Structure formats: C-alpha cells, structure tokens
Amino acid sequence: MSSLFKCFFTTPISKQTPSHSKGSRGIMEKPSTSNLNGDFLSEKSNEESKDSTSRPVTNIILNHDFSDGLQSWNPNNCDGFVVSSEGNSNYPLPAKLSGPSFAVITNRKESWQGLEQDITNRVSVASTYSVCALVGISAAPQRGSHVQATLKVENQDSSVSYIFIGKTSASTEHWDKIEGTFSLSATPKRATFYLEGPSPGVDLLIRSVVISCPGSTKFDIPSTRSLCDEDENANIIQNPRFDDGLNNWSGRGCKIVLNNSMSDGKILPISGKFFASTANRTQNWNGIQQEITGRVQRKLAYKVVATVRIFGNNVSSANVRTTLWVQSADLREQYIGISSVQATDKDWVQMQGKFLINGSPSRIIIYFEGPPPGTDILLDNLVVKHAAKAPPPIPPAIENAAYGVNIIANSNLNDGTEGWFTLGNCTLSVGHGSPHILPPMAADSLGPHEPLNGRYILVTNRTQTWMGPAQTITDKVKLYLTYQVSAWVRIGTGATRPQGVNVALGVDGQWVNGGQIEINDDRWHEIGGSFRIEKQPAKVIVYVQGADAGVDLMVAGLQIFPVDRHSRFRELRKRTDKIRKRDIILNLNTSDSFPLVGTFLKIEQTQNSFPFGSCINRSNIDNEDFVDFFTKNFNWSVFGNELKWYWTEPQQNNFNYKDADEMLTFCEARNIQLRGHCIFWEVESTVQSWLRALTKSDLATAVQNRLTGLLTRYKGRFKHYDVNNEMLHGSFYQDRLGKDTRVNMFKTASQVDLTPALFVNDYHVEDGCDSKSSPEKYIQQILDLRARGAPVGGVGIQGHIDSPVGPIVCGALDKLGILGLPIWFTELDVSSENEFVRGDDLEVMLREAFAHPAVEGVVLWGFWEMFMSRDNAHLVNAEGEVNEAGKRYLALKEEWLSRACGCVDGEGQFEFRGFHGSYEVEVVTIFGKKLTRKFVVDPGEDPIEISIDL
C-alpha cells in the first residue's frame, strides 16, 4: 500500500473527554423517527450557522470540510487531527484516498469512538434533514469496516435515544458515502451528530459532512448530492470485478468461490482477472450478494449492469434475476425485482435494469438468484450507478400520412388472387357470397373506398393452423402510425370445437397481433384490431391464420389503414360537451337594496366530478414527490398488490394487513376514494401454493374466511370491489368448487358489506386482440352471473392496451353499455418508447372514456417510472420530471375544467355551460365589494339553477 502524497500538514488535537457515555455498546441501529416536512431553520439558527468560511446557509454542519481544522468538532474519547494539502504529514494515508482536507480519527479503542458535533440550535422540529458524509478507513480491518452516522437525542425529560441515519462499508480504495435522513418529533434538550465505527484500532477518515433540509422553501438549498458527491456516475459496488478477492461479497444461503477459470479453462473472466461463483445452492433464492447500505440515495434512479452465466447440474439455460432486498427501520421487508435474463452455460450474458428507493431503509442488499438448486451462478462484474438522464424526446416525423387509405392490394379481389400468396402449402381461390357492407368498427375511420363486392378468399388444404393468405406490406407501413385492421372472416365445415381466427403480422419474423376472434358457427364475423411499428423493419407481411388444420378459412374485405386520431378527437369533443356538461344558471340573491345589474362574476371550476384515479403501492407513499403529484391529480386509487389474497395471507393463517391498513389511512386522510382489488383472482398461477394444496372442503372454508375476514375488516371503506378477477381467463375456484362458487362470492360479499359496488374485472375486452375476452363473451358471463343471483354492480375493463383505435374501443363500450351497468377502466396503461406517441395513446383512451355515457371512471395502473407493470408506460420519470405523456394527461385534465366570466343580467342571473363538478365564483359588485362562493354542478341533462346568496 503506497503512502505517497503531496504537501500535507497535520493539526493534532488532544484526547477529549466524551460528551456522552456509551459503555461498550457496538454501533447502534436505532430506527429513525418518521420523516416530516417543515422549514429548514429558524432565524436564530440561520445566524448561528454562519461559520468562519462565510459560506451561504446550505449546510447546518459547521466546518463541514475541515478547512478550519477540527473547529466545532469533538473526537469522542479518542484522538483526531486534520490532514491538509497546505503542509506535510507523516500519516500513512492510503494512496487512493486524497483530498484538500480530511479528518483522521485515531487511537480508537472501541467501535463507537469517532467524531461528533453538537447541532442542537441548528435543527428544528417537523423538518426532514438529509445527511451525506464521505468517509474512508486507514486499513482493511479483520472484522467489520462499517462506518455509521447516528444522532444522539437527549430529551427534555433527560431520557436518551439514538436515531440511526445511515451506514456504509468503508474502504481504503475510495471515499464512500453515508446517506440517510432524520427528523425530530419534539424539541430536544441536546442533539449530537456523530460518526462511529469501524473496528477498534482502525483509523476513521472523514472528508466532508453535509446535513441540509431539502424540503425548505426559506433558503435556496442545493441537494446533498450536489454538495457531497464527487462523481455521481461512480459505481457504488465495492470490489466490482473481484480484484480484491471476495471482499465485500458474500453468499446468500450458500457459499461463494473466487475463480480465475472453471471447467478446465473453458470458462474465463471477461472484464478482469477473476469472477465469483456460487456453491452448494439448495434454493432458487440462493446466490451472490453485496450489502449496499449507505451507498444508495432515496428517490434517485440507479442503473444496474451485470455479466453472468450459469454452470452445473446439467442445466444449459436458466433464468437469472437481480433482486434488491430492502429493510426499513421498522423491520418491514421489500423485494424489488431489478432485471432478469435467460443465462446459459455456453457464454457470458449481460443483464440490465433499474431501481429506485422511495423511503429511508436501514439495510439494502443486492443479490443474484433464480436458477434451479444445484446450478451455480457465475458473476463476472457488477456496476450500479446513477442512471443517466434520457435525452429529450423527439416527436416522430410522419410525412404524407394517408389516413383512412387501405394499404392492402387487391383487397376486393377484382384481380383474382393477384398480390396474395399462401403462407404454407395451402390453396387460395376466390369465392362469392360475403357481406357487401363494411364491418361496423371500420365504418367511422376508413376513408374513401371501393364498396365491398361479395368476393372472398377461400383457403383450402390447410395442414397447419398458421396456414392462410398473406401479403407483403413492408414498403407501405410507416413508422409510428397506428393502423386499424378490419375484415370479415368465416370458417368452413368440419370444425369440432370453437375456432380462433387471427389477423397477424410477421415483422422480421416476430408475430404481431392484428386482431383475434373465436368462431363457433358458419356465419360471417367481423374481426378487428390494430398495430403500430416503431422500429424500421426489413420485412413485414400480413396473414390470416388460426383455424385448426383441415378447416377451410374464408376472408373478405381485409382493410389495413392508418387512423386519423385528431379527426376523431374533434368528434369526441362534441360528444363530451353533450354528456359531461350542463347548462348552468346562477341566481344571485341579496338582502341589500343595491342593484345587481353590472355585478361581475369570475367562475373557475376547481374539480371535475368524473373520477380519475391511479394504482399505488406501499413504498410509493414514502416518496414525497410521488405523493405530491398523486394527490394533486387523482381523486381515486387502487392498491397494486397489497389487498390481494397472496399478499394479505401468503401462508395459511399468516396475515399481513399492515400495508393495506397504512395505504387506506393515507388515502382517507386525503379524501381519495378507493377500489378494492381484488378479493379473489381466478387465474391459477396467482393462487398461493397452500391454497392449491387444500382439499375441496378446506378450500371452500378458506374462501368463506377470506370473504368475511377482508370485508368485515374494511367494512364501508372501499367504494368498489373486484370480486373475482379475470374470470374470462382463469377458472381455479370454479374448477375446484363448482360453478356456483362465483355467484356465492358475489352474494356473500354483498351480505358482509352492503356499501361497495361489486365488479367483474378483465382484460383485452376493448381492443379486439384476445378471443377469450370479446365484449360478447363478457356480456354473456355477466348476464349468466346475474341470472343466478349474483349482485354484479359494475363492469371493469382493465385497459392494458397497445396502439388503441378509438372506434374499436368505442364499439366495445357500446356493446357493454346495453347491460345498463357502470363501466370503469380499472387498470389503464399504454406503452410506447416515444413519449409523444405514448401521450397520443393515452389521449385516445381518456377521450373515448370521457365521451362515452356508460363510462363512470378511469383508474390508471400507475404513473411513476419503475413502479409500473409495463415498460415505457409511465407519465412521470423516476426522479420526478413529468414527461410528454404526463403533460398530455395534465392538459386533458385542464381542458375538462370550465371557466366563465361576465356580468349578471337585470334579473341577477348569469348563464354558462360547464362540466359537472365543483366550482368557485368570485363576485365583484358595482361598488367594488368582492365575495367568494362555492357551488357544485351535479350530472344531469336539464339546465340547473343554483342560488348564490351574497
């Protein structure tokens, strides 16, 4: 270890009497008090925080960088001095640790001995303080190298408590960060900040300490990151390429081994001289791990890149996952999936992902898991660093978009089968007798076109399900345009079961869904769907497939054309005005004798009554930025997982309602209405293993206990419940307990809690791309449930949709509307790498929902990056920046608020047309007197008169 360094001097400080006694306790890990928002400093503390360097008030630590030696600092029962670049020093500093000035805390006999500063007069109650310190150590210890930041609080009643702030595994290789937060719930008699650890005999090195209050509005305070970080792009992983052996690494439930090669030299490292491997894995979760506590900053996005492979147990391919284990101060555990990759035993493969921590955890561990027991995980390197900000998005450049123009050649078969070819060894011919009218979903969006003439393609001699008619459309498809698909299809005789028919695209060999339908008769059926291509393909073909081998297929009038969304929006604005607005007559009443003529009114709508909500999860509410956006822009919510049975009872009789309780309290305190999602989930893969193992009798008892337990606990607090999720796609409970079980679930739920509307809830109902969940099948399921006594009170359409087309969505809503039940989009999200296109998709869905009379609410399935079930679906980037899709959402919300102004007439009336919801009116009399009143416009078709008493 080199001790070469330039021009340093030392300022020795004699050993001090400790300001507090700790005995022989080790490093304390007391849970922090809850974080609260508040102002930064009082005026008094503002004056007191001016240190000799005369810096702006940004940091409550005095002499934070030791430029004035150890002034304001106190070594705790040990020695300390400062190494500075202005003089010489004989201190054997590790070669890789340097800086303008830093403190050395030496002659440490106990791990708790370190450096402290009294900050009593510079902290205030109900403020959240962020802490960042750069620390190192003089030599690698035989035992722990952890350095910890702690706040000692002496209370007014003379009791003493310790608040754990953060810790890091310090190194001789580089400066490491300790980060964390703390807040005080009561004014302390004394508050002392100190750094302690590592093992006795190891010198503690401290380069700088920053404590600031990011929530302050009194001062312009930079973030602790800008004050503390030298390089925010630095890798926070210690010993990332195993150059220092297995230091800082450990096995998670297994052993780990350092290698320079394996398998007789066939496996070699690729980034350095060594790699690590597991040994004796007996569980899927066993793997390689590193604790990164103190090196991760909350609300900051991190990118993770690792190089892995597998070996052993005759497994040639297996899924490897990167996972983050997070433990909060109250011992709550959270597992965050970062990335996964299908690794092989043939070569190294790179895996990438991102994560973000919302709260202030006490411990964080990153680890690799996944392959079956006995198969080893090999790790070559790991990089975790602050995720780079994405470049500004660019709206797609689309030239000469021929909206409504069919790109299929010879669609009407006027030239026989010219332009068509067979996919597979089947036969094409032209038949007669297909419909002469367009399919209804295409009627509103297809442009000028040749009428259908009754000809169709007949496909015979099909020996595989994928065989059918095809066309190449590579040169006709434009990037980023949304294409609608429409056709009539029919099947021949000989089918022994319902037949699925699919309009598909082959995009460079990858299947893209253009629409699906299930046929069980010999009639013509409309098939519709949509698609969009966002990366330049080499080859695109469209084909029709799906019926069983030997079943003839008939296709008529296939149309594929780009849709003009903005033309559709103009029509939707007219519909919206009709169903979401109302003529309003304000009648001003006064007991005074002054005339009302000339009185001026300024009317602003404060909230539209139409429900807009979002999914949240428990960790989200620890992020103040998330909470701020959520509470400002949504008035309904649903829990992502925390109410589901697998979350509330993961093992039999082991209940976890803590998360749901806290989220419910959070929403109620902010007047957020709630959907309960979900009591049951019919898809078997989502059912706990202990439930799947029960006998029929025991399963029936468990179902009854779930109903009574959940609905009794939260009686009257949820407005909706999804009773049995995705019954069109699963049948676990029905298969085991009989068909009546679904009806009984609804009946029992309504008996236990009379308050909530009981919903069915399913996906792909609105987009034409799933034959299992057509509107017709959904309607039949609901009618069947209600006929047998199930009190179904609402229709949930999840809305996980790609490249939506308004007429297709509207067509599904029209069909479902005949039920007379309220329709909600319950889990809406759209996805596109391009934020502008994502915004277009979102606008399509929100406008279609808002303009349809049967739709009574929309709930998004999240909005914050890295807390969505789909990639590229977020409206707000991970660190709080509203993206183009988010701006579109906010613009629509603003558009759907009414404003008006003007003078009342001679009868004291003022008329305007406005959206349903809450309003505020400012009244200015002719004498200059100003009054403010509030009123509510309820939904309705007839004009509403509202009295305003002055």
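Select Phe 910, which counts as buried at 9% relative accessibility. The model is predicted. The centres of the rings of Phe 910 and Phe 912 are 6.2 Å apart and their planes stand at 40°, so the pair is tilted.

The structure holds 40 aromatic pairs. For another of them, select Trp 636 and Trp 824: their ring centres lie 4.7 Å apart with the planes at 55°, so this pair is tilted. Trp 636 belongs to strand β35 (residues 636-639) and Trp 824 to strand β40 (residues 823-828), so the pair ties together parts 188 residues apart in sequence. Both Trp 636 and Trp 824 are buried.

Turn next to charges over rings. Lys 581 lies over the face of Phe 915, 4.8 Å from the ring centre. At Phe 759, the charged end of Arg 675 sits over the ring, at 4.9 Å from its centre.

The backbone comes next. Most peptide bonds are trans, and most residues other than glycine have a negative phi. Select Gly 197 and Pro 198, which are joined by a cis peptide bond with omega about 0°; Pro 198 is in the loop between β10 (190-196) and β11 (204-212). Then show His 677 and Cys 678, where the peptide bond is cis with omega near -10°; Cys 678 lies in strand β36 (residues 673-681).

Finish with Asp 264, a non-glycine residue with a positive phi of about 55°. Asp 264 is in the loop between β13 (255-259) and β14 (275-279) and is exposed, with a relative accessible area of 82%.

How values were computed:
Residues numbered from 1 in each chain as written. Predicted model: local features only at pLDDT ≥ 70, side-chain atom pairs only at ≥ 80, totals over all residues. Heavy atoms only, no water. Phe/Tyr/Trp six-rings, centres within 6.5 Å; stacked < 30°, edge-to-face > 60°. Helix = DSSP H or I, 4+ residues; strand = E, 2+ residues; numbered from the N terminus. Buried < 20%, exposed > 50% of the residue type's maximum accessible area, 1.4 Å probe, protein only. Lys NZ or Arg CZ within 6 Å of the ring centre and 35° of its normal.
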